[in-house]
Amino acid sequence: MLVLTLGLAAAGCGGGSAASGAGGASSVRLVAYSTPADAYAELIKAFDGTPAGKAVSFSQSYGPSGSQSRAVDAGQPADFVHFALEPDIQRLVDDGKVSASWDQNQYKGVLVDSVVSFVVRKGNPKGIHTWDDLVKPGVEVITPNPFTSGGARWNIMAAYGAQLKEGKTPAQAVQYLYQLFKHVPVQDGSASDALTTFTNGKGDVLLSYENEAIRAQQGGASVDYVIPDQTIKIETVAAVTKTAPPAAKKFLQYLYTPAAQKIWADNGYRPVVPGVTGKYRFPTPPQEFTIDDLGGWDKVMTDFFDPTKGIMAKVEQSIGVSTSS
Amino acid sequence: MSQPAASAPRVRSVNPAAALPGLAAGTAVLYLSLVVLLPLAALVWQAQAGGWSGFLHAVRAPDVQAALKLSISVALIVVVVNSVFGTILAWVLVRDDFPGKSAVNAVVDLPFALPTIVVGVILLLLYGPSSPIGIDVAYTRKGIVLALMFETLPFVVRSVQPVLLELDREMEQAAASLGAAPLTVFRRIVLPNLLPAILSGGALAFAKALGEYGSVVLISGNVPFSTQVVPVLIKGRIESDDQAGAAAISLVLLILALVILLGISLLQRWGTRHDR
């Protein structure tokens, strides 16, 4: 109840929902993070053309992943949820809104993948290819503040894990984060703000999900993107709530069909179902790793993103000392 | 207030609120409670969830201290600048006549109407790295001040304007006829009359500047210890599932705003008592 006062303040900015006719048939309330909105427009249309999707209506709500999760936690009605990272579903599991067995499917609850990529200026004028290139003198890196943007935590873990893959020790990998953040002149509040900042001309590299880089290109932004050899596989997760009608479950099942996964692929997301291809090439980075390789979200959240004691809190403090003069 | 018109029974009460004295007050209290007091009480409740030590721990964190310093200092700068220019603007709108005056008058309120995030986007386009007019203040404290100046301009203008309209010009004319220079007239006659309105407009601007999020988040760059204002930091605490911390820091902002608003109204009461 009380969480609502603060939770809604954060959720308010991304609310927007639209309901289509009820017609007595079942309806599904979809709550998701911001970027898949375009994909869902196509997916819902395609679902409507299947026997299971006949006469199912949808109400849709999109916003920052953490805000959306908190809104549902605070009571926003939801049947189907899709978030950028697993802790946003775990929050709902902890409060009994989503069954603890939500990830008991072949794909462990992961609906679509992506990877952390480097978005660069058209033609890559600064020749950015590796994580080491990001910390060269004169290179400016844009990434959202990992405390205000839950989704940006993937970027940090990509940077950290890449160092381990390059053979560095955990201590050296943390040291890299200190170095990296000396090159970050702007820490936007969200991924979409960061994209605005980058397309407005600030910075040489934007750390971003591959699907958002593709979407920016589709939208006419004059950018290229580079997938580093070592990067993290971003796993976005979906589930139905405990009170969801059968239609929501059928929708979730539908999203795992090759037809639906192809729509995801055509929107720049990496399909989880093997053998599905779309109009984009999704080369697997030679040294790809997952969040589980780094100990899982539970551990990472405490070690890195505790707002006062986490590694990132200390990193922020160190750059503050050097820039506040 | 209204004398019962026992001797003149044909005169009916023209003040329904006086006829139902309890209703207006009751409605006011209920409305204020539901809309303002209850949410504020909920905030205080959340802020004390971690106990006194939890509150202190949340508020004393180094990033919070840095953000508070930044937010307070930019808010003060904005208040001073907007008090001066808001008063000038109000003066021009009341005392001068020029074509398009009513249009300008309407424009003053637009900062209230625009969604703050739109303000942020527009300011970034205009005064950011790809500025068409060659001014780039984005991702600096200057950018924050600029955004807050835009957002809080109406407060001083709108509180000074009505006072200026009501101001008795005979006093000024008398002073001028006695040989006072225009600047002296302004300083000795006009300004003392406007001061309470400037102060209360400034106090509102200060409170708004402390809490502003949408227009600042894009242009400030949000680098902790450098350009991160308190509301953005609070968003970070919420996003890190530290609700109690977020509420504790919000409470500090609330207390600051309350102290300023109360202080101004005390100052005004003191001023009026010494005037007469």
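Mentor: Start with a term. Two strands pair if DSSP finds at least two bridges between them. Keep in mind that this is a predicted model.

Now apply the term. Strand β2 of chain A covers residues 27-33, and seven bridges join it to β3(A). The two strands run parallel. Take one bridge as an example: V31(A) has S61(A) of β3(A) as its bridge partner. How does the chain cross from β2(A) to β3(A)? It passes through α2(A), and this β-α-β crossover is right-handed.

A55(A) sits in the loop between α2 (37-48) and β3 (57-63) of chain A. Its phi is positive, about 65°, although A55(A) is not a glycine. Most residues other than glycine have a negative phi.

N124(A) is not a glycine, yet its phi is positive, near 50°. N124(A) lies in the loop between β5 (110-121) and α5 (131-134) of chain A. With 17 other C-beta atoms within 10 Å, N124(A) is partly exposed.

Next, look at P87(A). P87(A) is found in helix α4 of chain A, residues 87-94. P87(A) is buried, because 23 other C-beta atoms lie within 10 Å. Leaving out residues up to four places away in sequence, P87(A) touches W297(A) and M301(A). Now compare P87(A) with D298(A). They are 211 residues apart along the chain, but 7.7 Å separates their C-alpha atoms.

Helix α8(A) takes us towards chain B. Its buried residues include A191(A), D193(A), L195(A) and F198(A). The buried residues of α8(A) pack against several elements of chain A, among them β5 and α9 (210-218). They also pack against α11 (214-219) of chain B. After α8(A) comes G201(A), with a positive phi near 110°.

How many residues of chain A are in contact with chain B? There are 31, and they meet 37 residues of chain B. On the chain A side, α1 (3-11), α8 (191-199) and α13 (311-323) each give two or more residues. The largest share, six residues, comes from α13(A). This side of chain A divides into 12 nonpolar, 15 polar and four charged residues.

Finish with chain A as a whole. Its secondary structure comes to 13 helices and 11 strands. The radius of gyration is 20 Å, close to the 20 Å from the globule rule for 325 residues, so chain A is as compact as a globular protein of that length. Buried residues make up 48% of chain A.

Definitions and conventions:
Residues numbered from 1 in each chain as written. Chains lettered and ligands numbered in written order. Predicted model: local features only at pLDDT ≥ 70, side-chain atom pairs only at ≥ 80, totals over all residues. Contact = placed C-beta atoms within 7 Å. Helix = DSSP H or I, 4+ residues; strand = E, 2+ residues; numbered from the N terminus. Nonpolar A, V, L, I, M, F, W, Y, C, P; charged D, E, K, R; others polar. Buried ≥ 20, exposed ≤ 12 C-beta atoms within 10 Å, placed from the backbone. Right-handed = clockwise from strand over helix to strand, strands pointing away. Rg over C-alpha atoms; globule rule 2.2 N^0.38 Å.
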